[in-house]
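Good morning, colleagues. Please look at the structure on the screen while I take you through some of its aromatic contacts, its strand pairing and one of its pockets.

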Amino acid sequence: MGCSRIGSTRVAIVVALTTILASCTSLPRSGPDHKDVDRDAAVKVTTKERRVGIDYALIDLSKNVLPYFTSPQPTSFKGFGGGRGGAPEIPLGYGDVVEVAIFEAQSGGLFIPSDAGSRPGNYISLPSQTIDRNGTITIPYAGRVPAAGRLKETVEQDVEDRLASRAIEPQVVITTTTSRSSQVAVLGDVNNPQRIEISPAGERVLDVISAAGGLTTNNIETNVTLQRRGKIATVAYNTLLKNPAENIYVAPDDTISIDHERRTFLALGAAGTSGRFDFEESDLTLGEAIAKAGGLRDDRADPAQVMLYRLVPKKTVQAMHVDTTRFAGETVPVIVRANLRDPATLFAAQQFKMEDKDIIYISNSASVELVKFLDIVNSVSSTVSGVADDANDTRNAVQDLGN
């Protein structure tokens, strides 16, 4: 009977202390109380029921969902063409400097005088000229001949046809001395950004990157972006190294941008160490990322509630037969939940690929919140005989249950 009264008294004390704590505004704090902030606001822009209002999909990590997350869907350079076969033909362009040589079958024609029998060859070389803003070159007795955007062989044949009625079996050879139109700009994280002239042999993406001095960053965190006539695609540098089909021929006026993208993820909650972590020079799985963040805290974490936050392409979610009608846009906010109490989930975590800007959140165990409450009771009720001891005993018992 006495023990029952003591127990009831202690319960009453705990309830009273809880009421005091709920109404007390004089406890130490590092900033304004959230109630004061809410009360004193001149204007409030809030959501109903204190929810952010962002819909998301919750997916439990299992072997069935792994195929949809093992690798991201990268863009490709294959859509630009020029991946196989020989080098593409490069036409003449505005600003190119060319030399034109005109041959005749014998002397006494339009260009070769009759007394030129001792010459080493029956031809003349015209002075170098630049393809002008109208895209033409000037040939005596042939006039202004269109050149920009045409292959040299086509322009040569055009000149020959124009001279055929005046010269003796004319043959024309055009040589490009300076090719200002057939250049590629290589920018970004390379040692020597510059414009690189394309040779008739043809240069591929890796060739022009090498000509620009190579990368200034590590391979694995470097992306290559190709811009061509309004079309843009980005491919990881390592993909170019490993997949020759992506290492396509470049074309005149291409712009190639090399960018180092620092890949990071966040670890929050009951992780060994919370913060932002770098992938560094390797790819990471979910298991490796958790280990990089110090693992799960034994005194706080709930192993069954390890969650990864990510924006996933809608088509990937739809492929998993998930209803996406509530989600606008091309991505779906997804929470992937891993139950690490299940031993098999650790194998799945070692196959689940992390992506840049992922967030790992590890929930507190349910017992932790009760322990926090008992710690508060312990700190304010130290003058009440027996309550502190009971709080400590209860906290230890809850921790034992949680573990």
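Phe 265 has a relative accessible area of 1%, so this residue is buried, where buried means under 20% relative accessible area, exposed over 50% and partly exposed in between, with a 1.4 Å probe and protein chains only. Phe 277, at 14%, is buried as well. The model is a predicted one: local features need pLDDT of at least 70, side-chain atom pairs count only at pLDDT 80 or more, and totals for chains, interfaces and linings use all residues. Residues are numbered from 1 along each chain as its sequence is written, and side-chain values use heavy atoms, with hydrogens and water left out.

How are the rings of Phe 265 and Phe 277 arranged? Their centres are 5.4 Å apart and their planes stand at 20°, so the pair is stacked. The rule is that rings of Phe, Tyr and Trp (its six-membered ring) pair if their centres lie within 6.5 Å; planes under 30 degrees apart count as stacked, over 60 as edge-to-face and the rest as tilted. Phe 265 sits in strand 13 (residues 264-269) and Phe 277 in strand 14 (residues 275-278), 12 residues apart, and the pair links distant parts of the chain. Strands here are DSSP runs of E, at least two residues, and helices are runs of H or I, at least four, numbered from the N terminus. Together with Phe 279, these two residues form one aromatic cluster.

By this rule, the count of aromatic pairs is six. Another of them joins Phe 111 and Tyr 141, with ring centres 6.0 Å apart and planes at 70°, so this pair is edge-to-face. Phe 111 is buried at 12%, whereas Tyr 141 is partly exposed at 48%.

I turn to the strands, which pair if DSSP finds at least two bridges between them. Strand 16 (residues 331-338) pairs with strand 1 (residues 57-60) in the parallel sense over four bridges, and Ala 57 has Val 334 as its bridge partner. With strand 15 (residues 301-313), strand 16 pairs in the antiparallel sense over eight bridges; there, Val 312 stands opposite Val 332.

Finally, the lining of the second largest pocket. Strand 7 (171-178) and helix 4 (152-163) each supply at least two of its residues, and strand 7 gives the largest share, three residues.
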